[in-house]
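Here are my notes for a colleague who is new to this structure. Please keep the sequence and the model open while reading.

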Amino acid sequence: EYLGHAAIRSGQIEFLDFAIAKGWINIKGVFYTQHKPVADEDKLPALFVAASHGQLKMFDHLVEKYGLDPHLRFKEDTVLH
């Protein structure tokens, strides 16, 4: 999970695609926000990670290539909020 978070927040699109193809990352899952395990409520979906780190190209890539929906809710908000 942390691998996915790190790739998304740093904008490493090619690495993310490679890791997803290898099965190392579940792009529709949630990702740790720290190096250590955290509670489920502290994990974020991929689009929230991309948006919170200002990765607009990554955000668009996740929507276009993997079909992630920016209108889905996470907790009380959508990623667009």
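1. Does tryptophan 24 count as buried, partly exposed or exposed? Tryptophan 24 counts as partly exposed, at 48% relative accessibility. The cut-offs matter here: buried means under 20%, exposed means over 50%, and partly exposed is in between. Keep in mind that this is a predicted model.

2. Next, the overall plan. The protein chain has four helices and four strands. Read from the N terminus, the order is α-α-β-β-α-α-β-β. The chain has 81 residues, and 37% of them are buried.

3. Contacts and surface come next. Take the contacts in the protein chain with a separation of 6 or more: 47% of them join residues 24 or more positions apart. The protein chain exposes about 5100 Å². Carbon and sulfur atoms supply 53% of that area.

4. Helix α4 deserves a careful look. It covers residues 56-66. Its buried residues are Met58, Phe59, His61, Leu62 and Tyr66. Seen down the axis of α4, they fall within an arc of 165 degrees, so they line one face of the helix. The other side of α4 has Leu56, Lys57 and Glu64, which are exposed.

5. What do the buried residues of α4 pack against? They pack against three helices: α1 (2-9), α2 (13-22) and α3 (46-52). After α4 comes glycine 67. The phi of glycine 67 is positive, near 70 degrees.

6. Now the aromatic rings. A pair of aromatic rings is described by the distance of the centres and the angle of the planes. The structure holds one aromatic pair. Its members are phenylalanine 18 and tryptophan 24. The centres are 5.4 Å apart, with 80 degrees between the planes. The pair is edge-to-face, because planes over 60 degrees apart count that way.

7. How does phenylalanine 18 sit? This residue lies in helix α2. Its relative accessibility is 40%, so phenylalanine 18 counts as partly exposed. Phenylalanine 18 and tryptophan 24 also belong to a nonpolar patch on the surface, together with Leu3 and Phe15. The four residues have about 380 Å² of accessible area together.

8. Which residues form the salt bridge? Side chains of opposite charge can pair when their charged atoms come close. The count comes to one salt bridge. Aspartate 17 forms it with lysine 65. The closest N and O atoms are 3.5 Å apart, and the limit for a salt bridge is 4 Å. The pair links distant parts of the chain: aspartate 17 is in helix α2, lysine 65 is in helix α4, and they are 48 residues apart.

9. One detail of that pair should be noted. Aspartate 17 is buried, since its relative accessible area is 17%. The cut-off for buried is under 20%.

10. Last, serine 52. This residue is found in helix α3. Is serine 52 buried or exposed? Serine 52 counts as exposed, at 52% relative accessibility. Serine 52 and valine 79 are 27 residues apart in sequence. In space they are 8.9 Å apart, C-alpha to C-alpha.

Notes:
Residues numbered from 1 in each chain as written. Heavy atoms only, no water. Helix = DSSP H or I, 4+ residues; strand = E, 2+ residues; numbered from the N terminus. Buried < 20%, exposed > 50% of the residue type's maximum accessible area, 1.4 Å probe, protein only. Contact = heavy atoms within 4.5 Å. Areas by Shrake-Rupley, 256 points an atom, 1.4 Å probe, with all protein chains shown as cover. Arc of directions from axis to C-beta. Phe/Tyr/Trp six-rings, centres within 6.5 Å; stacked < 30°, edge-to-face > 60°. Patch = residues over 30% accessible without salt bridge, like charges linked within 9 Å, V, L, I, M, F, W, Y side chains within 5 Å. Salt bridge = Lys/Arg side-chain N within 4 Å of Asp/Glu carboxyl O.
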